[in-house]
Amino acid sequence: MRRLTNRPDAGTLFALALLVMLATTGGCSRSIEVVGPTACPLPERTSPPESRPPTPPGAAKVVERCLTNMGGPKTIVHEVGPLETVWRISRMYDVPVESIYRANGLKPNDSLRVGQRLTIPNAKQLRHVISLYPNPQWKYIIVHHTATDIGKALQVDRAHHDRGFWNGIGYHFLIDNGTLGKGDGQIEVSPRWIKQQVGAHCKAGGMNDKGIGIALVGNFNEDLPTQNQIQSLAYLIKTLSQYYEIPLKNVMGHRDVEGASTDCPGKRFPWSNLRQCLTRR
Ligand SMILES: [Zn+2]
């Protein structure tokens, strides 16, 4: 016979723990808008390069974090962005490289074409995949907006090429707003970051040489970024500022760089919301 006691059972304890967790979560996290059907189970994982070959050349480590769960393995179509590799795409969707090769009739040394559409079988998540390279030149982080309502790296890359930028997209990272087939809050890594090249995003103050350029898709003179974009921006800034030892005073909007004559990233950019997210774990 089961003994009755006053002690709560495992289910009650779990529910209580969940309630405490929810009650103690800060305002920033409370406002997370979950894109997928379920929340991401793993907050972050760091892979030493040797455990997930081949790691991008020169990268000391790769930091990954889930943005969206797919709600079960799903076959999707991925449009290849500038300098994206099968390795990166496999990490983004948590799918083995071999499965992507097989599903698309590719061989390991085949190169991808920008704009090529790849079948991704059994995609589980959409993840941020941030490679970190030892490089003492990065002392600032400069935040921009694209001043467009919609966007993705491929489109910005072409637009910047057309404006005569010698190496396409001038930023190091682009944070999407859920338009043109990209995720809301998805971080796209630009070829300039992967090649550790100087930016073409802020001439003032010599920031192209010493500043990491991050742009959010949107026009924040008119609108606000999505909460997912702010969450992803805070995550990216935290990751980069910790690794490169960049003090938060060196994280600034384009318009706040001395000598810059622009309102980028927009008059309505929510700095207090970002600061709140940055100071929370
Ligand atoms: Zn700007």
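Two strands count as paired here if DSSP finds at least two bridges between them, and strands themselves are DSSP runs of E, at least two residues long, while helices are runs of H or I of at least four, all numbered from the N terminus. With that in hand, look at I175: its bridge partner in β6 is I187.

Quick housekeeping. This is a predicted model, so local features need pLDDT of at least 70 and side-chain atom pairs count only at pLDDT 80 or more, though totals for chains, interfaces and linings use all residues. Numbering starts from 1 along each chain as its sequence is written.

Okay, back to β5. β5 and β6 pair antiparallel over four bridges. They make a hairpin with six residues between them, and G178 in the turn has a positive phi of about 85 degrees. On to β7: β5 runs parallel to β7, joined by three bridges, and there F173 has I214 as its bridge partner.

So is β5 buried or exposed? Five of its five residues are buried, where buried means 20 or more other C-beta atoms within 10 Å of a residue's own, exposed means 12 or fewer, partly exposed is in between, and the C-beta atoms are placed from the backbone. F173, I175 and N177 sit on one side, L174 and D176 on the other.

Zooming out, the open sheet has five strands in the order β6-β5-β7-β4-β8, with mixed pairing. β6 (184–189) and β8 (251–253) are at the edges with a single partner strand each, so one side of each has no neighbour in the sheet. Neighbouring strands are turned by 25 degrees on average, direction ignored; axes are lines fitted to C-alpha atoms, for helices over the stretch in contact, with angles from 0 to 180 degrees between N-to-C directions. Over at β4 (residues 140–145), three bridges join it to β8 in parallel, and I141 stands opposite V251.

Now the core. A nonpolar core is a set of buried Ala, Val, Leu, Ile, Met, Phe, Trp, Tyr and Cys residues joined through C-beta atoms within 7 Å. The largest one here has 48 residues, and I141, F173, L174, I175, I214, L233 and L236 touch the most other members. Helix α8 (residues 227–244) gives the largest share, six residues. Domain 1 (45–131) and domain 2 (135–279), with bounds from an automatic or database domain assignment, both contribute, so this core lies between them.
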